Amino acid sequence: MTDATEANRTVVERKADRELVVTRTFDAPAHIVFEAWSTPELFKQWWVPKSAGMSLISCDMDIRTGGTYRLVFRHPAFDQPMAFFGTYREVAPNTRMVWTNEESEQGAVTTVTFEERAGKTLVTLHELYPTKEARDEAIVGSAEGLPEQFAQLDELLAG
Amino acid sequence: MVHYQARLDATFAALADVTRRGVLEQLGSSDASITDLAQRFHMTLTGMKKHVGVLEQAGLVTTEKVGRVRTCKLGRGLLEEEAAWIEQHRQLWGARFDELDKLVEHLKRKEKADDRRNRS
């Protein structure tokens, strides 16, 4: 058993110049993990970690190949909400999803796969950025809803 | 984003100059005072101070003054920068997937309970 398949461990790696790969094994069949990922009411419960201090104020997801999504976040420190949006390039239920991040030209194409083995599911999330610079500048949350500035601001406010 | 962009700009600006790259190479083999560096690169003390200031701004060099001598050494390298980047992403995905893990566990139990109910 490699590190990547160890339960309860999230592994983040940079691959090649333009890629980020995140892996984690969940102790449940793939259809359950996929359900949590593809049902807006469930997705909302985990996509924004409580520690982020942000809230997801709307979540529109038309999960099918060619469908679009739009997530709107709010952070107490900012007047304006932030929107993240894109298109699902491919949706294969319980197996694979591919979506674009279109809020900036530097947005990644994200591929997530669900591989079930003996009742457990290995989730591999892969982000491919248009350039190495875009990846290196993709501070936590530029596309995910947890900008570095927020963490810094939190530190500032706490101090 | 703006903050990170500014740091990258500072890094590239710092590395764009041949003398500053030479200074980094020099500091890679040993720490040196500004006076040493000025002599080695045939520059005035003021000129070298400016170069070191640019490298310091970019986080590539740190300096420490002991008595009358300011010693320069390599700062947080790109490797540390990369480690910090990974750590940030690991924290986000770790927190996110911990939440997903709890939810998945809940859904799994619910499905089992539903199955039992349907069978009985």
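Helices (H or I, at least four residues) and strands (E, at least two) are DSSP runs, numbered from the N terminus. The model is predicted, so that local features need pLDDT of at least 70 and side-chain atom pairs count only at pLDDT 80 or more, while totals for chains, interfaces and linings use all residues. Residues are numbered from 1 along each chain as its sequence is written, and chains are lettered from A and ligands numbered from 1 in the order in which they are written.

Q: In what order do the elements of chain B run?
A: From the N terminus on, the order is α-α-β-α-α-β-β-α, with five helices and three strands.

Q: What makes Arg20(B), Val23(B) and Leu27(B) of H2(B) buried?
A: A residue is buried if 20 or more other C-beta atoms lie within 10 Å of its own, exposed if 12 or fewer, and partly exposed in between, with C-beta atoms placed from the backbone; Arg20(B), Val23(B) and Leu27(B) are buried by this rule.

Q: Why are H2(B) and H4(B) called roughly perpendicular?
A: Their axes, which are lines fitted to C-alpha atoms over the stretch in contact, with angles running from 0 to 180 degrees between N-to-C directions, pack at about 75° and lie 10 Å apart. Angles under 35 degrees count as roughly parallel, over 145 as roughly antiparallel, 65 to 115 as roughly perpendicular and the rest as oblique, and therefore H2(B) and H4(B) are roughly perpendicular.

Q: How do you know that the length of H2(B) agrees with its number of residues?
A: The expected span is 1.5 Å times one less than the number of residues; for the twelve residues 18-29 this should give 16 Å, and the end C-alpha atoms are 17 Å apart, which agrees.
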